[in-house]
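Welcome, and thanks for taking a look at this structure. Please open the view below and keep it at hand while you read.

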Amino acid sequence: MPYGYWGRLLEVNLSTEDVKTLQVDKRTMRKYVGGRGLGVKILWDRLGDRWEEIDPLGPDNILLILTGPLTGYYPGSRVCVAGKSPQSNGVVGSTVGGEFGVELKSAGYDGIIITGESEKPVYLWINDDEVEIRDASHLWGKEAKDTLRILTRELIDEMSKKKPLRGLCKEPSILYIGPAGERKVRIAAVAHKLTHAAGYGGYGAVMGAKKLKAIAVKGSGPLPDVADLEGFKKLLDSVCKVLIKEFRMRYWGTGWAGYTVGADTSSEPIRNWQEEWHDEARFGVSFFEKYWIKRFWGDFGCPTTCLKIAFIRSGRFKGVLTDNPDYELQAYLGTNLGIFDPEGNIYLSSRADELGLCGIQTGNVMGFAAELYQRGILTKDDIGFELKWGDVEAFAKLQEMIARREGIGDLLAEGTYRAAVKISEMKKVDVMPYAIQVKGIGVGAHGIRSGLDYTKPTAYVCSLQGGDHTSVSNLDDQNRPGEYEMILLDSIVACWFNYKKQYLYEFFKVVAGWNLTEDEWYGELAPRIAAIQRTLLLLGGPDAYWDPRIHDENPQRFYEPLPSGPKKGAVVKREEIEKLKKTYYEAAGWDENGLPKPETLKRLGITELEKALERIRHRLGLA
Amino acid sequence: MSGEKPKIWIFRDYERCSGCRRCEIACSIRHEGRIWPEASRVRVFMPIPGLEIPHLCTQCPGYPCVEACPFDALLVDKNTGAVIVDRDKCTGCGKCIDACPGQIPFIHPRDGYAVICDLCGGDPECVKVCVEAGYNALITTPRSPSEIYKVYARTPQDIAKDLVSKLYGEEWEGWV
């Protein structure tokens, strides 16, 4: 028996309604770990030969929901959603916190592979060994709160009837989509609870394309045994004690940063990144606190509980409830839209939750649209109303239009990159310079120009996940690709905010019984996963392809000097990027064009990538 | 075990619960030797995400569950006042669940006997992790001879009904 994981995946074909389980052997798990690593491996094995042809929103795409060997054990459990991304056309390991992974493991599975597509709206119900594809026509069209409430209630009623003598049933764990996902909006999230989201990647649209409204799971079993129970208990206790002392994240969550990333580090998106500095103290965390009805809210096993629950009791947004906008949403549904009003920001966040939109990508594309409006490229006629910075109602309206693909919302629903391509054609003006994205993914709310944030100049340039701020391609202090650390967290699968390096590798030992060292991770496992993920990203298609010589690049805006604040004038230089990019390639074992080198593949035992790289070289004219 | 130790009770303040479920982890490690939320003596319900209810035995005076057991499988620990389940005698009939005003006991998902909090012999693990994190949703208090404890024997749904009005207002009452 393995430890920490079952070595067992559930596979569901929505076209044929076949359900089966499959074993993953110990060697594969040890090599690819879980979550993002295992996801990349599964996708490569199954779709690698014809990756370019696979429409991310078609029946051939595969949706993966994967835990890792440390999910449920390392504090702060998450689950990783993956597949061919309708944003980057590569793979994005998109993780979301919550109990889903723990429930899934309790039901006896490490993950779910979903293939095909259903003709009618369905949801997937997993109750231990019982797995059913069920009609979801009563849920289709419903927003977050209603979806969750209706499904939770009916599943509890059903379980209670089925096992009347067992006692009260706990709620199942549910991943679901809102109206945005149903309409294949490329910036739709996979949602969980109220509302956590796997936002990056656009997997809400993949679920929508498969007509899969939700996945609900209730497991009654234990998590898999750990290799060393006494060691595990001690280690868990130690790391929790350390995490509990961390005041900032615990008491304020990342919501402290809505003010400080502007005021302290000059790296917050403001009005579509036209500025990155502000000193709007009224957007500081203490002004959000008055809406909090819970200061500490967290997911399974998390001692940090950085989430806070915001509720608006009165006024025009009365009754609105959301997990308090974290920094990313404060920035993207706040400052990036010129909104410095906590209440408006909470409102927009709760609407994004309800509609099933990724708050980051939605704020990115709405900021893009608002800048085009500012510049007179998009007009009132195009949009239907004025789209002025700071106008909460206008952005709320636009957000609804995106989620429902109405009017200009249909175009913006394609995400910033694709919208920019279309608007450029439509208006005969190159609007790509205003699209703050990398490889189809809007960049996270951490700028690079000031040099004061964790995001270094190449943070988004070589990232395997484009603009994803949780997968940045900085070189670390030992000149290793910094993204390897992010791959680790997405593969184990646990939360970045609880990451303590000195404990993490010990967890592998006591939980999974693996002697996985940092050297092995950085020297072999991570480079292997990265090489496959990089290859899939560069294969791309069918509607967009990336050329590293062009697209391993920052948004143009980052080469414009910061116009305000203490770091006024700070800028990233193109020549510097070119140099850093090459250093990064070298460190990753990629050639001067950013393709994994043959000797790298050989060393890592993945020479089967060679034929895919041949196709890429051919397309790029490098063959 | 010293008989002189004062009896304890676990006070619960639902509004303070973070939903972290470290109580479930601590409890199931202690009683099951592994992480097993569905076998934890304290189970955190989530009638609405954001409103989490740690649900555990309150040791009602009069012990209706003990009274209701047709097999004498439940007894009260003299030192702690906790209900102890005799696994050999328990048939998993569920009478104790029906008798409990809060439907707190449940049947072990694998072994089929009733699961009830045993107060860890007087030093509960769930309280340790909750207090350590500063939530104090579960704290240990000395227990006095009073009927008061039984008022905490309520279902998570009933508790949530009250709290949802208080916290979220009437618009949200329909949720539970």
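This is a predicted model: local features need pLDDT of at least 70, side-chain atom pairs count only at pLDDT 80 or more; totals for chains, interfaces and linings use all residues.

Here is a short tour by topic.

**A strand with two partners**

- One of its partners is strand β1 of chain A (residues 8-13), which pairs with β6(A) in the parallel sense over 5 bridges.
- Within β6(A), T115(A) is the bridge partner of N13(A).
- Strand β3 of chain A (residues 63-66) runs antiparallel to β6(A), and 4 bridges join the two.
- To find this pairing in the view, look for L64(A), which stands opposite I113(A) in β6(A).

**Where the chains meet**

- Chain B brings 38 residues into contact with 35 residues of chain A.
- On the chain B side, the elements that give two or more residues are α1 (22-32), β2 (43-48), β6 (106-107) and α5 (156-168) of chain B.
- Of these, α1(B) gives the most, with 4 residues.
- By type, the residues on this side of chain B divide into 21 nonpolar, 9 polar and 8 charged.

**Cis peptide bonds in chain A**

- The peptide bond from I492(A) to V493(A) is cis, with omega near -25 degrees.
- You will find V493(A) in the loop between α18 (483-492) and α19 (501-512) of chain A.
- Another cis peptide bond leads from G541(A) to P542(A), with omega near -5 degrees.
- P542(A) sits in the loop between α20 (518-539) and α21 (548-551) of chain A.

**Positive phi values in loops**

- W273(A) has phi near 65 degrees, a positive value in a residue other than glycine.
- Its place is in the loop between α9 (257-263) and α10 (285-289) of chain A.
- Is W273(A) buried or exposed? W273(A) counts as buried because it has 25 C-beta neighbours inside 10 Å, and the cut-off for buried is 20 or more.
- K428(A) also has a positive phi, near 55 degrees, and is a residue other than glycine.
- Look for K428(A) in the loop between α17 (416-427) and β16 (437-438) of chain A.
- K428(A) has 7 other C-beta atoms within 10 Å, so it is exposed; the cut-off for exposed is 12 or fewer.

Key:
Residues are numbered from 1 along each chain as its sequence is written. Chains are lettered from A and ligands numbered from 1 in the order in which they are written. Two strands pair if DSSP finds at least two bridges between them. Two residues are in contact if their C-beta atoms, placed from the backbone, lie within 7 Å. Ala, Val, Leu, Ile, Met, Phe, Trp, Tyr, Cys and Pro count as nonpolar, Asp, Glu, Lys and Arg as charged, and the others, Gly among them, as polar.
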